[in-house]
Amino acid sequence: MSKTDLLQGTLDVLILKILALGPNHGWGISSRLRQISRDQLSTSQGSLYPALHRLELRGDVRSGMTTSKNNRRARVYTLTPAGHRRLGAETDNFEQFAASMRRVLRAT
Amino acid sequence: MLQRIIAYIGGLIRRRTVEAEADDELRFHVEMETEANRARGLSMEEARRVALRDLGGLTQTREAVRQVRTLWTDAAWQDLRSSLRMLRRSPAFSVVAVLVLALGIGVNTALFGIVNAVFFRPLPVHAPEELVYLYQIQANGRPFVTSFRDVEFFDGHYEKAFSGVTAHWGGSVIFSADGESDRTWGEFVTASYFDVVGVKPILGRTFRPEEDDVATTGLAVVISHDLWTRRFKNDPAILGKEVRLDDKVFAVVGVMGPQFVGLSDPFRPSRFWVVWAQRDPEYRYFGTGVIGRLRPGVSLDHARAVVAVQSAQQQRYWAERWHYADQDWKPRPYVVLPASDIRMPFEPDASVVPARLVSAVTIVVAIVLLIAAANIAGILAGRGVARTNEVAVRLALGAGASRVIRQLLTESVVLSVAGGLIGLFVAWIVVALYQAYTPSRFVVDVPFDVRIVLFTAAVCVGAGLLVGLAPALQALKVNVTTALGGGSDTGATGRVRRRLRHGILIPQVALSMVLLVVAGVHVRALMHIESADLGYRVKDLVVLNVGHWDPGPSLKENNQAARNERAARARTFYRAVFDRIRKVPGADGVAITSSLPLSSSSSPNTFISQDAFLAGSTDASTAWEAAISTGYFQTMGMSPKRGRDFDDRDVLTSPRVAIISEAFAKRLWPAGNAIGKLLASVAPGKTNQKIEWREVVGVVNETNPILHDVGDRPVVYTPLGQSWEPYGLNIVAWSRSGHATLIRQLQDAVAGADSFAEVRSVRSMTQIAGEFLYPRRTAASLLVACGLVGLLLASIGLYGVISYSVVQRLREIGIRSTLGADRRNIIALVLREAATVAAMGAVPGVGLSLVALRLTSNVIGPVPTFDVVTFLAVPPLTMAVILLASYIPARRAARMDPMAVLRGL
């Protein structure tokens, strides 16, 4: 199956979900996403960072600079309560959408 | 939300850190990804390359992140700074563009301000929409002013509709203060005037209700701001100062603000206000204009209804009470008109020309602005094309199209704001010039109010956006490769570009030609008028209007004895003045006349010759009458054609004589000599009138009216020595050595003639002529100014566009040079384009000029439709200027080293 390109809105949800699993930095999010989706979903990594910053401006995530092992500086993101709520809402929306699509496509 | 704002502000403050952190973040990503790639087996360089590729490019991502984090204002600020940098880098272009805009916007704003001040300013009073004028419809159906009796009635009975009623009338007095006298226009009002009109003084007070009472002793006058500034130089001790209005002494009790010039017609601002009762105890017999203020919430229609009902009742009551109702009597209705609709309150009927004048002015000014805008568009388009490379690279680097447009637009808005600011300065200068060169009778304060500033701002920004948009779009449409590859004027893109250039230039050329032709025609017509021989001397001639305050019987005593006494006083006064001024040493010629040749206020009389009368004909001819002293013709530089001048022989007791103008003589006695013939003035249609025959003793040359459209002016001169009651005396005098001493000597002479004598105004004939010519002179100067500005703009535009066209065709020129074209050929190549544009602009230009002439002659004054000289002179002149403007870039093109050009591409 070809790698599906992600729309901006869905990217946001996926980021939120991955952050719900635990705070992470940009690269970590990207590789986690690839890993969990069995490499089916990939993001042009370039659109990941603008998305992260956007989420931060919206208040769904919080970030801070840390020094990782190897003394590298990295920005780590965590989910905020608002982000949690948003994740829940968007997940529900998507489930509903998927169910409707399925119903239509399976209709005889 | 708050969080976002804090984040933004935080970002602004810690900008460096934020940028550094973003860089770090991305660097971290790349490093991690590189490591992962290495773990998969790629070499160090491969790993890094793949990492960067997968990220999508470091620069792009950085840019994308920055875009997300950037505030709208942040981007705008960046655009602003880069625009300023860009404009600083090409100073010639920036300066030219700003100047062009400044000229266009400045002239426009100034004219808008002046026209607004004279005609359209809403009354600077409280709630102007509540003010109304009340008029009475006369027997002929036209509204006219009413009488004071009505005012008192209104005041008492209309509280339902009006919160206040007041009255006003305009008039002029001799305003004397600090030894200087001048005829000044102002309003006579009731004490409630300022309260009803709704305006407060800036100094002192307005009138108190008790001042309406005739018996008050302290006479009070309120003066206008303009008078306070001009006459009293903003004297802070103005309150309480004593001035004389005609023969009574008043104290200045208040000064109005600069905005309020009374409720009078636009060309006669009120400079003082006086309570009518204090000016003339008999005021209540006079007619007056009535002003009312509607009660808040009362509609105009309601007020009209109230007025209609009540006034009809009241008039019927009066009619019955005073028994003057006859069969045909009907109550005359009143009409209530909103003050904002009436520009001339004392002549509600008068068709005020302003509408046409304003539209003419607007059109002219709009043309100038159009030229300026086209100019800027051209320049910017040229620059847009020249910067195609830069734009192409930007686009290739990933800047969004909208971002690039925003940047280009910011540049043009910056230009137009700068142009607008300087334009305001230009406008200020223009207004100052207007006020300096306008005869004081007409000048109006032009306040720089908010509306003007807003208008300018709107024009600025609008021009900027409009004008910047086209080149911005054009720049974006350009294909990157062709842009980078340079271009020539041939081929599809070349044709498009050429058409764009021509589309911008040709209207400019045509429009400026229109302006110049119209200006030229009007100026020549004006010069013709000004240099026309009027038949009398104008230069170096002074005119003093004198009178005396008759302490004798007042005007109201109408019996014969009183009239005789007044007439005798007038005769004595005249004799005394005339004898004294004749002895004045400084005058090369001095005389007295009852009317001046330029004066249009007197109306003509009808005359009939005795021959015609005896023959039973009722054919009478009209002529103006002037009573003159001896020496008049000599002073006025006129030439007696036949017979003699008046002299001391002609007194009251000697036979009546007259001197007539040439054309009139021919009209009455076409056959031959008028000398010795008799004529008399008759009132047409009246039978049994006493006819006083005069003998023609001299014939003098014609005096021509200053504006040819008035027709000729036959005159019958009678000697002042034979006048029963000389009045309205004007001393005319001239001196080879100039005015100053002459005027003083004359004033002394008059003062010594009679203890009640007074010099009412001192003017020179040139001043008086100037007032007549004022509208035409203003129009002509305006047209010339606009024409020159238009031509200047068109030349600048052409210079700019031709320069850039040269840049565009660099390669073509280089190749031609190499192929053997010499400098002259190159210059000819460039000039050919300029000449084509000029020629293509000239044709519609001339056509439009004819139309424009027709339109403007309706408004300003008649002009010959086909003034050959102007039409022959202007097109070649325009083309010459245009060719000159394009010669400079042409020479520059020819001087270029072809090898450098070709190599550079």
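This is a predicted model: local features need pLDDT of at least 70, side-chain atom pairs count only at pLDDT 80 or more; totals for chains, interfaces and linings use all residues.

Me: What is the corresponding percentage for chain A?
Reply: The pairs taken are again those between residues at least 6 apart in sequence. In chain A, the part of these contacts that joins residues at least 24 apart is 52%.

Me: How many strands does chain B have?
Reply: Helices (H or I, at least four residues) and strands (E, at least two) are DSSP runs, numbered from the N terminus. In chain B there are 27 helices, and the strands come to 23.

Me: What percentage of chain B is buried?
Reply: A residue is buried if 20 or more other C-beta atoms, placed from the backbone, lie within 10 Å of its own, exposed if 12 or fewer, and partly exposed in between. Of the 905 residues in chain B, the buried part is 38%.

Me: Is strand S1 (residues 131-137) of chain B largely enclosed or largely open?
Reply: Six of the seven residues of S1(B) are buried.

Me: Which strand is joined to S1(B) by five bridges?
Reply: Two strands pair if DSSP finds at least two bridges between them. S1(B) pairs in the antiparallel sense with S11 (residues 287-294) over four bridges, B:Val132 standing opposite B:Gly292. Two bridges link S1(B) to S2 (residues 143-144), also antiparallel, with B:Ile137 partnered by B:Pro143. Five bridges, among them the one between B:Leu134 and B:Val336, join S1(B) in antiparallel fashion to S12 (residues 334-338) of chain B.

Me: At what angle do the axes of helices H18 and H22 of chain B cross?
Reply: Axes are lines fitted to C-alpha atoms, for helices over the stretch in contact, and angles run from 0 to 180 degrees between N-to-C directions. The axes of H18 (residues 560-582) and H22 (residues 740-753) of chain B come within 8 Å. Their crossing angle is roughly 145 degrees.

Me: How many residues of the contact of H18(B) with H22(B) are nonpolar?
Reply: From H18(B) come B:Ala576, B:Val577, B:Arg580 and B:Ile581, which meet B:Leu746, B:Ala749, B:Val750, B:Gly752 and B:Ala753 of H22(B). Ala, Val, Leu, Ile, Met, Phe, Trp, Tyr, Cys and Pro count as nonpolar, Asp, Glu, Lys and Arg as charged, and the others, Gly among them, as polar. One residue of this contact is polar, one is charged, and the nonpolar ones number seven.

Me: Is B:Lys233 buried or exposed?
Reply: B:Lys233 lies in the loop between H9 (225-230) and S8 (242-245) of chain B, and its phi is near 50 degrees, positive in a residue other than glycine. B:Lys233 has 8 other C-beta atoms within 10 Å, so it is exposed.

Me: What is the phi of B:Asn234?
Reply: B:Asn234 is in the loop between H9 and S8 of chain B. It counts as exposed, with 10 C-beta neighbours inside 10 Å. Although B:Asn234 is not a glycine, its phi is positive, at about 55 degrees.

Me: In what order do the three strands of chain A stand in their sheet?
Reply: The sheet is open and its pairing antiparallel. S1 (24-25) and S2 (61-67) stand at the edges, each with a single partner strand, so one side of each is left without a neighbour in the sheet. The order in chain A is S1-S3-S2.

Me: Which helix gives the largest share of the side of chain A that touches chain B?
Reply: The contact takes 17 residues from chain A and 22 residues from chain B. On chain A, H2 (26-36), H3 (45-58) and S3 (73-79) each supply at least two residues. The largest share, seven residues, comes from H3(A).

Conventions:
Residues are numbered from 1 along each chain as its sequence is written. Chains are lettered from A and ligands numbered from 1 in the order in which they are written. Two residues are in contact if their C-beta atoms, placed from the backbone, lie within 7 Å.
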